[in-house]
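Walk me through this structure, from the whole chain down to single contacts. Keep it brisk.

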Amino acid sequence: MHEARRSQMCLPHFFSQGFAHVIAATFTEVEAEVARLTRQLARERAARQEAEAIAERSTRDLYDQQQRLILLQAMVVAANEAIRVEEAMATALRRICSFTGWSVGHVYLCAEDFAPGVGLPGRVLSTGQAAWIQNLSRDPNFPRGKFVKDLTLKTGVAFPLSVGNKVVGVLEFFSEEQLEPDEDLLEIMTHVGTQLGRAIERQRSHEALRGREEYFRRLIENALDLITILDADGTIRYQSPSTRQVLGYEAEDFLGKKASDFIHPDESAAFAQALNNARQQQGKTPIWTFRFRHKDGSWRVLEGSGNNLLDDPVVAGIVLNSRDVSERKRIEEQFLQSQKVQAIGQLAGGVAHDFNNILTAILGYADLLLKQLPPKEVLSLNAVEIKKAANRAAALTRQLLAFSRKQVLQPRVLDLNGVVSDMDKMLRRLLGEHIDLTTIPQGDLGRVKADPGQIEQVIMNLAVNARDAMPGRGKLTIETGNVVLGAEYCRHRTDVSPGEYVMLAISDNGCGMPPEIRARIFEPFFTTKDPGKGTGLGLATCHGIVKQSGGHIAVYSEPGRGTTFKIYLPRVYEALEVIGKYDQPTDLRKGTETVLLVEDEPMLRELGLLALSGLGYRVLPADNGIQALRLIEQHRGQDIHLLVTDVVMPEMGGKELAERLRVISPQTKVLFCSGYTEDAIVHDGLFDRGIAFMQKPYTVASLANKVREVLELPS
Ligand SMILES: Nc1ncnc2c1ncn2[C@@H]1O[C@H](COP(=O)(O)OP(=O)(O)OP(=O)(O)O)[C@@H](O)[C@H]1O
Ligand SMILES: [Mg+2]
């Protein structure tokens, strides 16, 4: 162009020389010039077209490049943002299909989905390289013929999702057009595959981590134990959810609070000390036991240990691992308590044995005095007082034996409504004017098997306690009922099993008891009453009687609100027995037979001698078995009708003596006396025909009656 313009500009110069010549010459030149210009024009057009083609091509390349970048970036974003691998893959498939225009895409994440070497993905898996099948219907290693036919697919491509050399999945695409392998596409897919492969690997390890985290979280959250993490200053930073079952709180209730705020005040100093020790030493502390406040206000005994992980960068706290041992502690205490009761019982039983001898003497001599003195005289009245005091002491001894469960019970089938109504008058007198007594007997009450005298004693003890708890006015309610104790009730109580029971409840609206007193009331000698006012044996006795009768006793009490004692006796379905009440004859029965009286306690021997000879008997006294045998020898040929003997004596006891006598004098009857049921006599089943037993302390009247009773037994 530039050159042509210059040629045109030269034209006047040619014309300025001779015209014709110039014309001819000019024409030739012009022709040549035109041809030159035409060639030049053609060259320039070709160059321009080429430049345009190059420009178009590079624009297209730029666009493609840009699209690839967009695709790659989209893959990276999808791979990074997707929470689950499946989600990332779905996005990838969609994007790649829309980018390439291919119609179907699949992803295989695990090798188990297809066999190595088989079909399109199998090939990729075994080679680790992309694979292109231009004509699917002709490929010998493509088992999914029907699938491609149904969807009219012609070409397939697959490439690995890989991390390093490891193939973690395969992506495959199908096109409805038959396409030749496209190197560019394969290259970009290789990049995509690497991106997605990494994403898969990352997601998998992330999921595995989350899985393990979840696993441990569940372990902690479902553990019955409590796991607590404290800051160095004792602030609770984490609390496991088991706290709901164990302590009634939600885990969040603790966050930011001080652990010491929940510890029993009596133990807060010890807790602070323990925490301090934990803070100062690495690793686990020895076992701690502390009372911790439950949401309902009660105290739970927690046992556990701390682990100082303050320097551990992950935990950076003191980890407490504890569990509720309240139930175990309660059972341990119950066990200790029952051992204590047993030990005291043994002691009481032993004391009662000696005591009964002494009481028998006191009662007996008082009786003898009364018989010899004219009634209503001062001396006689004194003797009455002695007797009264001795009777009170005898009642106390009976209580000791009752609570130590060493008394001989005489159980009968009873109706508790009957027992309660028989006591009504006596109870009203006992309670006094200011206490209002109400009885609520259940109709059709079940029967129980128990010693009526003992049950009366239980009711009386409970009534007296109630009276003492209501110094002003008050209300006492005695209620009976048929109840079934279920497994749930019995689960926390070691001394009762599920079943049918008859309940006797005695409630007052008196002062009630705080838990620390309630916990101790069945302990023998535990009393809150002034010295001389209470022995502390009342409830221990009740407990002993109820337990010896196979029952269970429960107490509910709140300070200021009153107390209820519930007694449960096992229900029986036997017929009711009629109770003959206190049928003791008043006149002493006399006799003339010969009685061999063997008693090591001189007071009692003397008393028996006086009492029985006073009644007309011929009495041969001896202090032990050996002496008794000697006496029998001396009186050979004379009848000895009855042997009255103590059981436990030095030299020779009553049992051996009776056995010897059976050989020498088989017709002689035997009456054993003892103050202690543990004596061999009761357990060895010595009660043959003509052998009887009398419990000490006895009165002259009961001795006289028993002697007659045995003498009159048929031989
Ligand atoms: N109904 C009640 N209300 C309040 N406290 C009671 C009640 N029953 C018993 N207690 C408490 O239990 C303690 C023990 O009672 P328990 O009957 O064993 O002995 P006591 O009454 O003190 O003496 P004892 O019965 O030998 O005369 C009592 O001192 C009292 O503190
Ligand atoms: Mg009492």
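This is a predicted model: local features need pLDDT of at least 70, side-chain atom pairs count only at pLDDT 80 or more; totals for chains, interfaces and linings use all residues.

Residues are numbered from 1 along each chain as its sequence is written, chains are lettered from A and ligands numbered from 1 in the order in which they are written, and side-chain values use heavy atoms, with hydrogens and water left out.

Start with the chain. The protein chain holds 20 helices and 22 strands. Both are DSSP runs numbered from the N terminus: helices are H or I with at least four residues, strands are E with at least two. The chain has 715 residues, and 41% of them count as buried. Buried means under 20% relative accessible area, exposed means over 50%, and partly exposed is in between (1.4 Å probe, protein chains only). Contact means heavy atoms within 4.5 Å. Among contacts in the protein chain with a separation of 6 or more, 65% are between residues 24 or more positions apart.

Now the ligand. How many residues surround ligand 1? The shell has 20 residues, and the closest are Asn465, Thr527, Thr528, Lys529 and Thr535. A residue is near a molecule or strand if one of its heavy atoms lies within 4 Å of it. Helix H12 (452–469), helix H15 (538–548) and strand E17 (562–572) each supply at least two residues of this shell. H12 gives the largest share, three residues. By class, the shell has nine nonpolar, nine polar and two charged residues. Here Ala, Val, Leu, Ile, Met, Phe, Trp, Tyr, Cys and Pro count as nonpolar, Asp, Glu, Lys and Arg as charged, and the others, Gly among them, as polar.

Look at the oxygen atoms of ligand 1. An N or O atom in the side chain of Lys529 is 2.6 Å from one oxygen atom of ligand 1. Backbone N or O atoms also take part: one of Gly536 lies 3.0 Å from an oxygen atom of ligand 1, and one of Leu539 lies 2.8 Å from an oxygen atom of ligand 1. Taken alone, ligand 1 exposes 590 Å², and the protein buries 90% of that.

Next, the rings. Rings of Phe, Tyr and Trp (its six-membered ring) pair if their centres lie within 6.5 Å; planes under 30 degrees apart count as stacked, over 60 as edge-to-face and the rest as tilted. The count comes to 16 aromatic pairs. Tyr215 and Phe216 form an edge-to-face pair, 5.1 Å centre to centre with 75 degrees between the planes. Tyr215 is partly exposed because its relative accessibility is 47%. Phe216 is also partly exposed, at 42%. Elsewhere, ring pairs link Tyr249, Phe254, Phe262 and Phe292 into a cluster.

Finally, two helix residues. Asp367 lies in helix H9 (residues 326–372). Its relative accessible area is 12%, so Asp367 counts as buried. The Asp367 side chain makes a polar contact with the side chain of Lys387 (2.9 Å). A polar contact is a pair of N or O atoms within 3.5 Å; within protein, one must be able to donate a hydrogen and the other to accept it, and residues adjacent in sequence count only if both atoms are side-chain atoms. Ser380 lies in helix H10 (residues 378–403) and is buried, with a relative accessible area of 4%. Leaving aside neighbours within four places in sequence, Ser380 is in contact with Leu370, Leu373, Pro374 and Pro375.

Methods
Accessible areas come from the Shrake-Rupley method with a 1.4 Å probe; for residues, only the protein chains shown count as cover.
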